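The sequence and coordinates come first.

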Amino acid sequence: MKLLLRLKFLGTDFCGWQFQPNARTVQKVLTDAARELLGTDCRITGCSRTDSGVHANDFAATLECGDGVCTIPPERLPAAFAVKLPHDVSVLSATPVAADFHPRYDVLYKEYIYRILLTPVPDPFLCGRVWHYPKRLLPDAEERMNACAAALVGRQDFASFMAAGSKIEDTVRCVKYCTVRREGDLLTLQIAADGFLYNMVRIIAGTLLLAGAGKLDADGMRKIIAAKDRAAAGATAPPEGLYLNKVVYSE
């Protein structure tokens, strides 16, 4: 039996999703908990990698028991995992899927959000969960940022928004939507695409802030895209404001 798990985790104290020697990762914590619960080694495969400090409101992973038998009914697994998992990761659901289902390659699209706190001083209760940005933006920053965000929509080459040194050769992705909204002091970038390059959302967040400060307009954003050069885009925003927000599969 192969099960699709839906997870949430707070990435602050994790070194990302994927196994790393001598490091606390979500994959390792989940695998250890599954071994305790089911009494056998289990293979757990994630829908994507996340960096240290990055969070997930919706993360998908498959679970396959080493002996092919899951001794706990799927509907009872979330409560069972809750007993074994630490406070910063939870299994929300477990659903049987086909044997050839792959949590990464069968994704239709993913949605990320990036949260920025625009206050002179940080909020202790949001520490590690937002990017605290104390600099002033223009009064119409939301409108300016949305004008630039609209230029990102569609199938384009996003090489300018990929971390330098990445070895990925195909840098074309299709962005379904990209919007910015401000609610009080909290600015939220919401973006969905059929795939993302390494640090793509964080670089987009850093670049859009240039628009909020009056240093970039839609034409400038289109020139950044056309340049296909990481040096043309803005700074890489820090990881703590980034959340994998939605993972969508076909029915």
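A nonpolar core is here a set of buried Ala, Val, Leu, Ile, Met, Phe, Trp, Tyr and Cys residues joined through side-chain atoms within 4.5 Å. Buried means under 20% relative accessible area, exposed over 50%, and partly exposed in between (1.4 Å probe, protein chains only).

The model is predicted: local features need pLDDT of at least 70 and side-chain atom pairs count only at pLDDT 80 or more, while totals for chains, interfaces and linings use all residues. Residues are numbered from 1 along each chain as its sequence is written, and side-chain values use heavy atoms, with hydrogens and water left out.

In soluble globular proteins, nonpolar side chains tend to be buried together. The largest nonpolar core holds 78 residues, of which Phe81 and Phe161 touch the most other members. Helix H4 (residues 200-212) contributes the most to this core, with eight residues. Helices (H or I, at least four residues) and strands (E, at least two) are DSSP runs, numbered from the N terminus.

Contact means heavy atoms within 4.5 Å. Leaving aside neighbours within four places in sequence, Phe81 contacts Leu5, Leu30, Ala33, Ala34, Leu37, Leu63 and Val91. Ala34 is also touched by Thr40, whose other contacts, not counting residues up to four places away in sequence, are Arg35, Cys65, Gly66 and Asp67. Thr40 sits in the loop between helix H1 (26-38) and strand E2 (42-46). Its relative accessibility is 15%, so Thr40 counts as buried.

**Salt bridges**

Side chains of opposite charge can pair when their charged atoms come close. The criterion used is a side-chain nitrogen of Lys or Arg within 4 Å of a carboxyl oxygen of Asp or Glu. Over the whole structure, 12 salt bridges are found.

Asp51 lies in the loop between E2 and strand E3 (55-65) and Arg202 in helix H4, so the pair ties together parts that are 151 residues apart in sequence. Asp51 is partly exposed at 25% relative accessibility, whereas Arg202 is buried at 12%.

In the second pair, Arg144 is partly exposed with a relative accessible area of 33%, and Asp140 is partly exposed with 31%. In the third, Arg181 is partly exposed at 36% and Glu183 is exposed at 52%. A network of salt bridges links Lys28, Asp32, Arg35 and Asp41. Arg35 of this network is also one of the contacts of Thr40.

**Pocket and cavity**

Rolling a probe the size of a water molecule over the atoms shows where empty space is left. On a 1 Å grid over the protein atoms alone, a cavity is a set of points where a 1.4 Å probe fits but cannot get out, and a pocket is an open set with protein on both sides within 12 Å along at least five of seven lines; lining residues have an atom within 4 Å of a point. Grid points are joined across faces, edges and corners, and a volume is the space filled by probe spheres set on the points.

The largest pocket has a volume of about 920 Å³. It is lined by 31 residues, those closest to its centre being Arg49, Arg104, Phe196, Leu197 and Tyr198. Strand E5 (107-117) and H4 each supply at least two lining residues, and E5 has the largest share, with four. By class, this lining has 16 nonpolar, eight polar and seven charged residues. Ala, Val, Leu, Ile, Met, Phe, Trp, Tyr, Cys and Pro count as nonpolar, Asp, Glu, Lys and Arg as charged, and the others, Gly among them, as polar.

How many cavities of 30 Å³ or more are found in the whole structure? The search finds one. The largest cavity has about 50 Å³ of space, and its lining consists of Tyr114, Ile116, Met145, Val180, Leu187, Thr188, Leu189, Ala205 and Leu208. Strand E9 (186-193) gives the most to this lining, with three residues. Eight of the lining residues are nonpolar, one is polar and none is charged.

**Positive phi**

Asn199 is not a glycine but has a positive phi of about 70°. Asn199 lies in the loop between E9 and H4 and is buried, with a relative accessible area of 15%. Lys228, also not a glycine, has a positive phi of about 50°. Lys228 is placed in the loop between helix H5 (218-227) and strand E10 (242-249) and is exposed at 52% relative accessibility.
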